[in-house]
Amino acid sequence: MAHALPALPYEFAALEPHIDAQTMQIHHGKHHQAYVNNVNAAIEKAPELASWSLDDLCRNIAKVPEAVRTAVRNNGGGHWNHSMFWQQMKTGGSEPSGKLADAITAAFGGVDGLKEKFAAAAAGRFGSGWAWVVASGGKLSIESTPNQDNPLMEGKNAILGLDVWEHAYYLKYQNRRPDYVAAWWNVVNWDDVAARYAAAR
Ligand code: MN
C-alpha cells in the first residue's frame with residue numbers, strides 16, 4: 001500500500017505564535033507531501049519494497065536496492081521524520097514528568113541542561129538537518145543528523161526530534177534559527193516524548 005500524508009493532529013494555527021500557521025500549512029501540505037510522493041515514486045521502481053513499513057525502510061536502509069537507496073533515504077526519512085514531528089507538538093506544550101524526567105535529570109542535570117545541549121546541536125548542524133534526543137537502554141543523549149537522515153537508520157531510538165531545515169522556520173524567524181529553537185520548547189508535547197521513551201526501554 002502506498003504511503004500517505006498523515007493528517008495534522010491540530011489546526012495549522014494551533015502552535016501560534018511560536019510556529020506560524022503559514023509555515024505549518026506549507027511545511028505539512030507541500031514539503032511533507034513531496035516526501036510522501038517521492039518515496040512512493042521510488043518504491044514503484046523497486047516493488048519489492050511495497051510491503052516494507054516506513055520503519056522498515058529507515059531501519060534497513062542499507063538493504064534497500066542501490067538504484068533507489070538515496071531516494072528512499074531522503075524521502076522515506078523525510079516522511080518518517082515529519083510524521084513524528086507533528087505528533088511532538090501541541091497547543092501550549094507541556095513539561096516532562098515521571099521516568100522521563102528522572103532520565104533527563106540523570107543525563108543532563110535537568111530539563112534546562114537538556115535544552116542547552118539540544119539547542120547547541122540544533123544551532124551547530126550546518127545546513128539542513130535535525131536535532132534529536134536518543135534513548136538507549138533507558139539513557140538519553142543528544143545527536144544531530146544531516147538532511148532527512150534519522151537515528152533509526154543507525155539502529156537508535158529517537159524520542160524527540162526538531163526539524164532545523166530553513167523551511168521549518170524561515171518565514172517567521174528568517175536567519176534566527178536559535179530563536180526558533182527557543183520558541184519551539186513552548187509547544188513540545190512531552191507526553192509524546194514520554195511514550196516514545198517508554199517504548200524504547
Ligand atoms: Mn521539514
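**Figure 1. The largest nonpolar core in this predicted model has 57 residues.** Among the members of this core, Leu140, Tyr180 and Trp184 touch the most other members. Tryptophan 184 is in contact with Ile19, Phe85, Met89, Phe118, Leu160, Gly161 and Leu162, leaving aside residues up to four places away in sequence. As a general background, nonpolar side chains in soluble globular proteins tend to be buried together.

**Figure 2. Four residues coordinate the manganese ion.** The donor atoms are NE2 of His27, NE2 of His82, OD of Asp163 and NE2 of His167, at 1.9 to 2.1 Å. Along the chain, the donors of the manganese ion follow the spacing H-x54-H-x80-D-x3-H. Histidine 27 and histidine 82 link distant parts of the chain, 55 residues apart. Histidine 27 belongs to helix α1 (residues 21-45), and histidine 82 belongs to helix α3 (residues 66-87).

**Figure 3. Helix α3 bends at valine 72.** The bend is about 40°. Helix α3 has 22 residues, and the distance from its first C-alpha to its last is 31 Å. That span is close to the 32 Å expected at 1.5 Å a residue.

**Figure 4. A cis peptide bond joins glutamate 16 to proline 17.** Omega of this bond is near 0°. Where is proline 17 placed? Proline 17 sits in the segment before α1.

**Figure 5. Asparagine 147 has a positive phi.** Its phi is near 55°, and asparagine 147 is a residue other than glycine. Asparagine 147 is found in the loop between β2 (139-146) and β3 (157-163). With 40% relative accessibility, asparagine 147 counts as partly exposed, because that value falls between the 20% limit for buried and the 50% limit for exposed.

**Figure 6. Glutamine 174 also has a positive phi in a residue other than glycine.** Here phi is near 50°. The loop between α6 (170-173) and α7 (177-184) holds glutamine 174. The relative accessible area of glutamine 174 is 28%, so this residue is partly exposed.

Note on methods
Residues are numbered from 1 along each chain as its sequence is written. This is a predicted model: local features need pLDDT of at least 70, side-chain atom pairs count only at pLDDT 80 or more; totals for chains, interfaces and linings use all residues. Side-chain values use heavy atoms; hydrogens and water are left out. Donors are N, O and S atoms within 2.8 Å of the metal (3.2 Å for Na, K and Ca); water is not among the atoms, so sites may look incomplete. Helices (H or I, at least four residues) and strands (E, at least two) are DSSP runs, numbered from the N terminus. A nonpolar core is a set of buried Ala, Val, Leu, Ile, Met, Phe, Trp, Tyr and Cys residues joined through side-chain atoms within 4.5 Å. Buried means under 20% relative accessible area, exposed over 50%, partly exposed in between (1.4 Å probe, protein chains only). Contact means heavy atoms within 4.5 Å. The expected span of a helix is 1.5 Å times one less than its number of residues. The bend at a residue is the angle between axes fitted to the seven residues ending there and the seven starting there.
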